[in-house]
Amino acid sequence: MNNQAIAKVQFLQRQAASLLLYQSVFEGEVGKAFLNLLQAIRYPNAEARDCLQAYGNFFQILADKNQNWEEYLISQILISENAFSKQSQLEKLPPALIAAAKHDLQALQSFHECSVASLGEWVQTVAHLPILPVVWYTEQKIQPNYQSKLIEKLRTLEDWTNAVEDLTAFYRQHGTGIFAEYKAFRWQQQEFIGITYPDEVKLDELVAYESPKQTLIQNTEFLLSGQLALHVLLYGSRGSGKSSLVKALLNEYAERNLRLIEVAKSELKHLPQIVERLRNKPQKFIIFVDDLSFEEDDDAFKALKVVLEGSLTARPKNVVVYATSNRRHLIREFFADRPQPKEADEVNAWDTVQEKLSFSDRFGLTLTFEPASQKAYLQIVQHLVKLSNIEFSTDELNSQALQWATRHNGRSGRTARQFVDFLKAQKMISRNEVEKDK
């Protein structure tokens, strides 16, 4: 390598070491692979194997993520949790913090300007390759979302230090860390785990339950507008679309900072802890509990009761609980539980029974999903077929749909979707066979 290239590599290493706030950019596997490659380029062994291996590792990680180095770098800046990004959400920033952010942005811009083509040229020189190694690059189209405007600005801005105000506003509105990176989560082992591929069901796919659907949408709008939204119990027959409706809200409102956190019944004992960790975040959160029911003396029941009824600690306005259940009374009751006058040890035993039976009333809203009538079932089928662009006569479609419901799981939204998915696959295979015969 010539002296100019060596000086450039040394400069980049010093810039990485000098970061005051954004060290997390290089803590992921891509960032570590980049720094390892710089180290190998600067100090190659006689056969340059370290350099080639480091380049291959860097290439493979970018290819696995299907992401260019430049896009990765900017995405890490937008989700970085540091003193600057966190304090941007809460209060006026001290001058020293702004100065540190400008210093880091100037350093990070030098990495953005270090293209993978330049890295490839350095590797070619160090390893004495006859041709330039394959350079990872994929055409990236910026999808319009809450990050796209700032991403485009950083891609074209001549001096990143001028982006401090934009970054401050972005962090204040959208937050940082995992809640800025993902829109759906599950609570597992006392941690939030981001879900890379959440269910993509849309609100316009869900028909036949317009009244509870519109009520739930309205309550979610209250949450998004900063009002005190109500906790909701979605109660009704299996397969009626209760869970799908909650998931569809996420796809409808994720761009307005809505986040969905799935909490299993076994993890409900951590619910007060979860709520406190979400307090003061700029996002709005739906805690989603699917298929809810309790046994007697269940710790999860007590934890959920605290969240629903409140405690001495004020309830955060950015969190609601949406739970689904096939049971109107969430706590199972047996005839043996009902006290007999001569056997009852508890003087006010009926009060205990009523407390159990009325637990569902502690939700601010209870939305009922009745079993699908034949008319509603066929309406759902016809709507899904229309969205899928499958050509079918109405009479033939209705006949096959009713036969499917009889032979399988009965009339419900879930059965309708399974039937239409089967039709889509059947049509696709038939089409492929016809084209193959041609």
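The legends below describe close-up views of a predicted model.

**View 1. Packing of helix H3 against helix H7.** In this predicted model, helix H3, which spans residues 49-65, packs with helix H7, residues 116-127, at an angle of about 155°, and their axes are 10 Å apart. Because angles over 145 degrees count as roughly antiparallel, H3 and H7 are roughly antiparallel to each other. The crossing in which H3 passes H7 is left-handed.

**View 2. Residues at the contact of H3 with H7.** From H3, the residues Cys51, Leu52, Tyr55, Phe58 and Leu62 take part, and they meet Val116, Leu119, Gly120, Val123, Val126 and Ala127 of H7. Sorted by class, this contact of H3 with H7 holds ten nonpolar residues and one polar residue, with no charged residues.

**View 3. The aromatic pair of phenylalanine 34 and tryptophan 69.** The model has a count of 19 aromatic pairs. In one of them, phenylalanine 34 and tryptophan 69 are stacked, with 4.2 Å from centre to centre and 5° between the planes. Phenylalanine 34 belongs to helix H2 (residues 29-42) and tryptophan 69 to helix H4 (residues 69-79), so the pair ties together parts that lie 35 residues apart in sequence. Phenylalanine 34 and tryptophan 69 are both buried.

**View 4. An aromatic cluster that includes Phe34 and Trp69.** Phe34 and Trp69 belong to one aromatic cluster together with Phe26, Phe58, Tyr72 and Phe111.

Note on methods. Residues numbered from 1 in each chain as written. Predicted model: local features only at pLDDT ≥ 70, side-chain atom pairs only at ≥ 80, totals over all residues. Heavy atoms only, no water. Axes fitted to C-alpha atoms, helices over the stretch in contact; angles between N-to-C directions. Helix = DSSP H or I, 4+ residues; strand = E, 2+ residues; numbered from the N terminus. Parallel < 35°, antiparallel > 145°, perpendicular 65-115°, else oblique. Left-handed = near helix turned anticlockwise from the far one by under 90°. Contact = heavy atoms within 4.5 Å. Nonpolar A, V, L, I, M, F, W, Y, C, P; charged D, E, K, R; others polar. Phe/Tyr/Trp six-rings, centres within 6.5 Å; stacked < 30°, edge-to-face > 60°. Buried < 20%, exposed > 50% of the residue type's maximum accessible area, 1.4 Å probe, protein only.
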